Amino acid sequence: MLAVPPRIEVVRRPIETQRLVLVPIETSDSADLWSAVQSSRSELEPWLPWVPFNADQDASYRYADASAQDWDNARACRFGIRDKKGRKLYGVVGLEAFAHLHQSVELGYWLRTDATGHGYMTEAARAIVGWAFTVLHAHRVRVAAATDNRASLAVIGRLGFRFEGIARQAERCHGRWLDHAVFGMLATDARA
Ligand SMILES: CC(C)(COP(=O)(O)OP(=O)(O)OC[C@H]1O[C@@H](n2cnc3c(N)ncnc32)[C@H](O)[C@@H]1OP(=O)(O)O)[C@@H](O)C(=O)NCCC(=O)NCCS
């Protein structure tokens with residue numbers, strides 16, 4: 001089984017990195033989430049199939065509410081990535097698709113466009129992957145990115161995931177099929 005800590009504990013003592021604080025998403029984040037998506041729609045849309053459905057502020061509220069419920073039901077742990085000093089919301093990093101029997105989770109992430117190019121996602125995702133192994137007791141973390149998503153593949157490369165193969169036409173996004181490069185990291189891998 002994965003060991004999901006109570007959300008309130010992690011809200012009170014969020015994950016801190018050098019420049020960032022990673023806080024479980026809840027409904028109080030919905031206005032910031034909406035503004036981040038609105039400011040970055042054209043950069044997010046090619047890679048994230050949910051973006052067109054995030055069409056009004058209420059959709060961000062529903063997402064934030066569902067994220068809190070998913071955490072409480074041990075289905076997923078999603079974090080808002082915030083600046084340590086100003087607390088501005090830069091994006092989201094999450095562990096999804098919990099398979100308790102197999103102790104496996106999937107990593108997903110996005111940044112608002114004006115927060116890209118600073119290494120924030122590598123910093124946040126590295127911390128979350130470490131958290132997945134040490135706190136959740138995950139055995140395996142999977143991550144997938146479209147074969148032409150250069151920025152995401154670079155993040156995955158910096159984190160030290162191992163390439164496992166191509167999932168053909170795994171996702172329909174922005175009017176085209178995306179081939180996914182699939183990567184994994186195990187608790188027993190040196191990087192973990
Ligand atoms: C994928 C995504 C999160 C990557 O964002 P990113 O800013 O490129 O990644 P990082 O935050 O790790 O930053 C790395 C960049 O910051 C630069 N950088 C600047 N200062 C840095 C610092 N202090 N430390 C580390 N890197 C730094 C790096 O050189 C790198 O730039 P480069 O790729 O031009 O060499 C972003 O492009 C995104 O949200 N895309 C749309 C959604 C998406 O594709 N999600 C993933 C679906 S699989």
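**Strands, helices and a ligand shell**

User: Which residue stands opposite L107 in β5?

Analyst: L95 stands opposite L107 in β5. Strands here are DSSP runs of E with at least two residues, helices are runs of H or I with at least four, and both are numbered from the N terminus. Residues are numbered from 1 along each chain as its sequence is written. The model is predicted: local features need pLDDT of at least 70, side-chain atom pairs count only at pLDDT 80 or more, and totals for chains, interfaces and linings use all residues.

User: In which sense do β4 and β5 pair?

Analyst: Strand β4 (residues 89-99) pairs with β5 in the antiparallel sense, over seven bridges. Two strands pair if DSSP finds at least two bridges between them.

User: What is the strand order of the sheet?

Analyst: The order is β1-β2-β3-β4-β5-β6-β8-β7, in an open sheet of eight strands with mixed pairing. Its edge strands, β1 (15-16) and β7 (162-173), each pair on one side only.

User: Changing topic, how many residues does helix α4 have?

Analyst: Helix α4 (residues 120-134) has 15 residues. From first C-alpha to last it reaches 21 Å, close to the 21 Å expected at 1.5 Å a residue; the expected span is 1.5 Å times one less than the number of residues.

User: Which residues of α4 are buried?

Analyst: They are Y120, M121, A124, A125, I128, V129, A132 and F133. A residue is buried if 20 or more other C-beta atoms lie within 10 Å of its own, exposed if 12 or fewer, and partly exposed in between, with C-beta atoms placed from the backbone.

User: And why does A59 count as partly exposed?

Analyst: A59 counts as partly exposed because it has 16 C-beta neighbours inside 10 Å. A59 is in helix α3 (residues 57-72). A59 and W34 are 25 residues apart in sequence and 8.3 Å apart in space, C-alpha to C-alpha.

User: How many residues surround the ligand?

Analyst: The ligand is surrounded by 20 residues, and the closest are T116, G119, M121, T122 and A151.

User: Which helix gives the largest share of that shell?

Analyst: The largest share, four residues, comes from α5. At least two residues each are supplied by α2 (30-44), β5 (104-111), α4 and α5 (150-159).

User: What classes are in the shell?

Analyst: The shell has 12 nonpolar, seven polar and one charged residues. Ala, Val, Leu, Ile, Met, Phe, Trp, Tyr, Cys and Pro count as nonpolar, Asp, Glu, Lys and Arg as charged, and the others, Gly among them, as polar.

Conventions
A residue is near a molecule or strand if its C-beta atom, placed from the backbone, lies within 6 Å of it.
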